[in-house]
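This report describes one protein chain, from its overall build down to a few single residues. The sequence and the model come first.

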Amino acid sequence: MTILVTGGAGFIGSNFVIDWLAASDEPVVNLDKLTYAGNVHNLAPLAGDPRHIFVQGDIGDAGLVGALLAQHQPCAVLNFAAESHVDRSILGPGEFIQTNVVGTFHLLEQVRDYWAALDALAKAAFRLLHVSTDEVYGSLSASDPAFTETHRYEPNSLYSASKAASDHLVRAYHHTYGLPVLTTNCSNNYGPLHFPEKLIPLMIVNAQAGKPLPVYGDGQQIRDWLYVKDHCSAIRAVLAAGRLGETYNIGGWNEKPNLEIVHTVCDLLDELKPRADRQSYRSQISYVTDRPGHDRRYAIDARKIEQELGWKPAETFQTGIRKTVQWYLDHPDWVAQVQSGAYRDWVAMQYGQA
Ligand code: NAD
Ligand code: TYD
C-alpha cells in the first residue's frame, strides 16, 4: 500500500520518509516543489531504493496531484508541504498564502475526488493526515496552562495564520464531505537535516563559523522542543490509530527559553569542538532587535495522544540536542552545500531550472 507524502524533501518530511522506509515496505511517492527549503540530498540514504518515488511538483498543481493519485492509488496522503519560516512570512507573506492556504485547498479538492471514487473497502481505509503547528493557538502568558486541542485558534504571525487557515479547510472537508482526515499540531522540532535559518541549526552553524549568535529581544521567549524523530513516530501513531476528524497535539514536555537553548548549544560545542582560543562559544552571543509580533510562549499539553494512542517522546532534550549537535559536526558537507546553495545545482541539472 503506497502513501503519498508532500514536502518530503524538507526537514521533517525527509526525516519522516527515511524513517517510514526503514520500518515498512510500503512505498512512498514524495511530491515536493523543491523550494529553497527542499533539498534532495536529504534523501540520499534512499538513492536507488525503488520504494521511494520522488516527483518535483507543487501541491497546488491540481493536474499533477490528480494524476499521481490516479497512478499510485495511495492509501494515505500526508501533507508536510508548507512555507515554514516565521521571519520569511514577515518579509513576504505571499508564498505562505499560496502554498499553505491555496495549495492545501487544491490538494484537498484532488484528494476528495480521488477518495469519492474508491471502492468501499479502500474508502474506509483511506486517510489524509495534515501536519500542522502549535503556533495556530497564539501566544501564552507565563502562567497560562499549555495548549490543549480545544484551545481557541489565535494565530499572530502570517505563517501561523496561513497554517490555521489550512487546518480550518481540512476540518471543513471532514465536516462537509466526510473526508477521513487527521490533523496534528506539533511544537518546535529540532534534529538532523534542519535548514540553518531556524534557531538551533543557525546557532550550531554560526558558532563554528565564528559568526555572531543572534538572539532576538531578551531571549526569554519560550518554546516547547521536540526531537524530529519523535514527531515522525507520533505522526505514524496518529495515522495508524487516530480517530477520524480529530486533532492531536504533539510535544516534548520540554519548555525552554531561547537563551537557555543557545547556552546549551554553546556548551555542547565547547565540549565536542572547542574553539582554538578556548573561549566559550557563548561569547559570540549577540542580542538583536526583536521579531515584530514575536509570540512569547508556546507550550503543548500532549496528554491526548499519550492517553489515546500510547505515544510518548523517546528522547529527552538532553539526549536529542546532543545527537543534533553531533550530527551537524559529522556532516560538514551537508552544511556547506546548504550554505553555498550548491544543493540547488542538482535541481538545475536534473530538472533544468534553479
Ligand atoms: P521545511 O520548510 O523544512 O520544508 C517544507 C518542504 O515543503 C520543502 O521541502 C519545500 O520544498 C516543500 N514545499 C513548499 N511549498 C511546496 C508546494 N507548494 N508544493 C510542494 N512542496 C512544497 O518545513 P518543515 O520544518 O519540514 O515543516 C514541515 C511541516 O511541518 C510544515 O507543514 C510545518 O508547518 C509543520 N511543522 C513544522 C515544525 C517545525 O518546528 N519545523 C513544527 C510543527 C509543524
Ligand atoms: P524559529 O526556529 O524561527 O521557530 P519559530 O519562530 O517557528 O518558533 O525560532 C525559535 C525561537 O528562536 C523564536 O522565539 C525566535 C527565536 N530566534 C532567535 O532568537 N534568533 C534567531 O536567529 C532565530 C532564527 C530565532
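## Basis of the model

This is a predicted model, in which local features need pLDDT of at least 70 and side-chain atom pairs count only at pLDDT 80 or more, while totals for chains, interfaces and linings use all residues. Residues are numbered from 1 along each chain as its sequence is written, chains are lettered from A and ligands numbered from 1 in the order in which they are written, and side-chain values use heavy atoms, with hydrogens and water left out.

## The whole chain

The chain has 13 helices and twelve strands; helices (H or I, at least four residues) and strands (E, at least two) are DSSP runs, numbered from the N terminus. Its C-alpha atoms fill a box of roughly 65 × 50 × 35 Å along the principal axes. The radius of gyration is 20 Å, which agrees with the value near 20 Å for a compact globule of 354 residues. That radius is taken over C-alpha atoms, and the globule rule is 2.2 Å times the number of residues to the power 0.38.

Of the 354 residues, 53% count as buried. Buried means under 20% relative accessible area, exposed over 50%, and partly exposed in between (1.4 Å probe, protein chains only). Among contacts (heavy atoms within 4.5 Å) between residues at least 6 apart in sequence, 80% join residues at least 24 apart.

## Helix α12

Helix α12 spans residues 332-340, and W334, V335 and V338 are buried there. Seen down the helix axis, these buried residues fall within an arc of 95°, so they line one face of α12. The arc is that of the directions from the helix axis to the C-beta atoms.

The face turned away from the buried side carries the exposed residues D333 and S340. After α12 comes G341, with a positive phi near 80°.

N254 sits in the loop between β10 (247-250) and β11 (255-257). With a relative accessibility of 9%, N254 counts as buried. Apart from neighbours within four places in sequence, N254 is in contact with R223, D224, W225 and F317.

E260 belongs to helix α9 (residues 258-272). Its relative accessible area is 35%, so E260 is partly exposed. Between E260 and I222 there are 9.6 Å in space, C-alpha to C-alpha, and the two are 38 residues apart in sequence.
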